[in-house]
Structure formats: C-alpha cells, structure tokens
Amino acid sequence: VVVFCLSPAFLGAGPRQYDFLVQGLAQTARALADKLIPFVLLRGQPEEELPVFLHTHRAGLLVTDFDPLRIKREWVARVLERTSLAVQEVDAHNIVPARQVSTKQEYAARTFRPKVQRLLAEYLEPFPELTQHPYPLHGLPEPDFQNTPQANPMPGTSGPPSCLTSWSYRPPPATADCAPMSPDTTSNVVR
C-alpha cells in the first residue's frame, strides 16, 4: 500500500503547486493500480493521520522516504512517536543517497556537485521495473483527487506550457509558449 498524506499547508505552497502535486499523485495512483498496488490519499497533518491509518489497517512495517527538509523530518519524527511499527527509511528520490554524499549541510552547489559526481558510478543503475502485486488488497479507501481543496486552482491558472512538462535533460524548444533559453540562463544541472 502506498500512502500519501496531503498536508493543508506546506511551506507557502499555493493553488498551482498543490494542483501540480495532486495531478502527479493521480498519475502515480493510476500507475500503481495497473500493478494491483493500492494508493491511499490522506488529508490532514501527517503526524495525526498516518498513525491512525497504520493502526486501523494493522500495518506491519512503515517505509518512508528520506527528505532533508526540516518540516518533513519533523513529520516523520512525530509519526514515529505515535507508532511502535518497524520502520525502514529509503532515499528513493536521489540517485546517490544524500547521507552518502555528505554528513553536513551543504551551502553551495559548487561543493556539493563534485561529491555527487564521485559517487555516481557506484549508484547509477537502471530503475527496476515495478512488478504486479500477486494479491489484490480490498477495503482501502479510493483516492479522491477531485474533492481536494488544493486541486481546484484559482481562476487564471492554467498550468505550465506543454513544452515544460516534457523536457528533462534538454532545454525546451522555442515556441509561442516558451521563449528560447540561452546557455547563459541555464545551469549545468540540465545539460
């Protein structure tokens, strides 16, 4: 079971940021459903909602993703105070686990980037294909992405131009929606 708790406030995020997040969560839920893996969307404070969900559904293990943001570390700490489950922390959103790169808070990309590059060969490998769960799970709430207050942006927001949603390692092409990007305005991260 994959569970995401949508906090009502997160570091000043506005309706567009929440809409982007909710759209991504809906896409993730569809991909997981294709593999018979349930996705549950909780709403509220993670330290309040997640322990109740874990207890109600008799979870045996909590796997959480490492995040260096203070607010997320505090959420995890408060959840752990309210549950006696075994916990595993992974670093799934970084190619090189952040704690392997540096044990201190980095202050500049110019010092951090070489540390990451030294470890890339050790950690860079193809992402494993998600396999289908052998047993369907029933009795979990279906995620409702439409009735999330943050999922309805204020008038005037239309999301990013389509050319920005598809580029990953190359600058987007120059179109009416996207101005051409010169090498002087891009960082080395996207090259």
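Contact here means heavy atoms within 4.5 Å. Buried means under 20% relative accessible area, exposed means over 50%, and partly exposed is in between, with a 1.4 Å probe and protein chains only. Helices (H or I, at least four residues) and strands (E, at least two) are DSSP runs, numbered from the N terminus.

Before going further, a word on the source. This is a predicted model, in which local features need pLDDT of at least 70 and side-chain atom pairs count only at pLDDT 80 or more, while totals for chains, interfaces and linings use all residues. Residues are numbered from 1 along each chain as its sequence is written, and side-chain values use heavy atoms, with hydrogens and water left out.

Back to α1. Which of its residues are buried? They are Tyr-18, Asp-19, Val-22, Leu-25, Ala-26, Ala-29 and Leu-32. These residues cover an arc of only 150° around the axis, which puts them on the same side of α1; the arc is that of the directions from the helix axis to the C-beta atoms. As background, an α-helix has 3.6 residues a turn, so residues three or four places apart point the same way. On the face turned away from the buried side, α1 carries the exposed residues Phe-20, Gln-27 and Arg-30.

As for length, α1 runs over residues 15-33, which is 19 residues, and spans 26 Å from first C-alpha to last. That is close to the 27 Å expected at 1.5 Å a residue, where the expected span is 1.5 Å times one less than the number of residues.

Now the whole chain. The protein chain has six helices and four strands, in the order β-α-β-α-β-α-β-α-α-α along the sequence. Of its 191 residues, 25% are buried. Among contacts between residues at least 6 apart in sequence, 69% join residues at least 24 apart.

Next, salt bridges, meaning a side-chain nitrogen of Lys or Arg within 4 Å of a carboxyl oxygen of Asp or Glu. How many are there in the whole structure? The search finds four. In one of them, the side chains of Glu-47 and Arg-78 meet at 3.0 Å, N to O. Glu-47 lies in helix α2 (residues 46-56) and Arg-78 in helix α3 (residues 70-81), so this pair ties together parts that are 31 residues apart in sequence. Glu-47 is buried, at 7% relative accessible area, and Arg-78 is partly exposed, at 29%.

Arg-78 also meets Glu-74 in a salt bridge, at 3.5 Å, N to O. Glu-74 and Arg-78 are four residues apart in helix α3, and therefore separated by about one helical turn. Glu-74 counts as partly exposed, at 35% relative accessibility. Together, Glu-47, Glu-74 and Arg-78 form a network of salt bridges.

Another salt bridge joins Asp-67 and Lys-72, with the closest N and O atoms 3.1 Å apart. Asp-67 counts as buried at 14% relative accessibility, and Lys-72 as partly exposed at 27%.

Last, the surface. The protein chain exposes about 13,900 Å², and carbon and sulfur atoms supply 55% of that. Accessible areas come from the Shrake-Rupley method with a 1.4 Å probe; for residues, only the protein chains shown count as cover. I will stop there.
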